[in-house]
Amino acid sequence: MISIKSVSKWYGDFQVLTDCSTEVDKGEVVVVCGPSGSGKSTLIKCVNALEPFQKGDIVVDGTSIADPKTDLPKLRARVGMVFQSFELFPHLSITENLTIAQIKVLGRGKEEATDKGLKLLERVGLRDQALKYPGQLSGGQQQRVAIARALAMDPVVMLFDEPTSALDPEMVHEVLEVMVKLAHAGMTMMCVTHEMGFARQVANRVIFMDQGRIVEDCTKDEFFGDLSARSERARRFLDLVLPH
Amino acid sequence: MDFSAILPAMPGLAEGMLMTLKLMVLGVLGGVALGTLLALMRLSHNPMLARLAGLYVNYFRSIPLLLVITWFYFAVPFLLRAITGEDTPVGAFTSCLVAFVMFEAAYFCEIVRAGIQAIPKGQMGAAQALGMSYGQCMRLVILPQAFRKMTPLLLQQSIILFQDTSLVYTVGLMDFLNSARSRGDIIGQPHEFLIFAGLVYFSVSFIASQLVKLLQKRLAV
């Protein structure tokens, strides 16, 4: 579904990504972790071309991002993305947040879009908040709306960029719960997160990044099973994030 | 001082005020439209467009409005003749309006630009991630938020334009100040009429200013 091929990226002279390659198959849940500044957020933003890269290619559902002929907005419409800081549109109601792209990008009718939006709102447990504005919701609620907004576009894959990092601890759970349900429903997901509990529960594979490189790329069982087989950097990281 | 002549002159003065308001409202509408376009050019990734808009803004902010008004008064008919090949009388009103729109656009551009830049970067990313084109991102997500943020500044600038419209006297347009002045001259009481005009400008601008401040407070919450 996603095929990342030798992607490198520079900010001026500074190289943020070095020769990153990996695959995400249909229905697979891949967790990307690593210390801050390791390039994991940058990598996931390359997947829907929000961040340009200078070398390599990423192919999403058969469409090459490096190909200059690719219609990037069209590609992005099929890739859902959830951000660390939610990024709901504050001037629009929750319902409008859920329908605006369906109507303006996919060309759906208002009624159909609203219907779909409300169903998804139901699915994330926020049907009764439809008429409110983002500012009236808690962080956890906003993030659940953001997930519903992405799902409303019927994406072939969902990208999560640290979806719980900006949340109060007691709200992390409600967002993870939605993500777990989504994973169980068979959604293809690539998640940058430090929630190792989530990784253990639903990930098929774990990618560990450090200094712009993919250091580890293995199954969940390998990653959490035999620590002695892990790289020294990954061991140190796991030592810090895993509960003792 | 004898202000008794002012009351009978009211209908004429009101006509002048109508002209002033017409110039201001149309000038603001046109100026905001052109200014928004210029702001988008200045922020565009195309260096040519950005430079062009930058030059425009810096040029118009470096010359006096009075010069722009007189210049357009002579230039617009001339330009139209060059384009259409025949004499096309435009009149003082149109040439003044064009001058205001072009001049104010430079100031509105900077307000709009600051407004756009005040919107968190992530909003653009989120809009793009939903598959919106650049134009849709701007129109549906960024600009509506930016305009809400900058409404007080836009109104403040409009109040300045309300006062600046009085410069149209140079080309003989009968705005509020000009009609007050000429009426005063005819009757032989120029001071009374000018004092009255000053009071009106002050009251309108001051009250509008206070209202903007109130709005600013409400928007800040």
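Colleague: Where does Gln211(A) have its place in chain A?

Modeller: Gln211(A) sits in the loop between β9 (205-210) and β10 (213-219) of chain A, where strands (E, at least two residues) and helices (H or I, at least four) are DSSP runs numbered from the N terminus. This is a predicted model, in which local features need pLDDT of at least 70 and side-chain atom pairs count only at pLDDT 80 or more, while totals for chains, interfaces and linings use all residues. Residues are numbered from 1 along each chain as its sequence is written, chains are lettered from A and ligands numbered from 1 in the order in which they are written, and side-chain values use heavy atoms, without hydrogens and water.

Colleague: Why does Gln211(A) count as exposed?

Modeller: Exposed means over 50% relative accessible area, buried under 20%, and partly exposed in between (1.4 Å probe, protein chains only); Gln211(A) has 63%, and therefore counts as exposed.

Colleague: What makes Asp61(A) partly exposed?

Modeller: Its relative accessible area is 34%, so the residue falls in the in-between class. Asp61(A) lies in the loop between β4 (55-60) and β5 (63-64) of chain A, and has a positive phi of about 50 degrees although it is not a glycine.

Colleague: How do you know that β1(A) and β2(A) pair?

Modeller: Two strands pair if DSSP finds at least two bridges between them; β1 (residues 2-11) and β2 of chain A have seven bridges, in the antiparallel sense, and therefore they pair. Within this pairing, Lys9(A) stands opposite Leu17(A) in β2(A).
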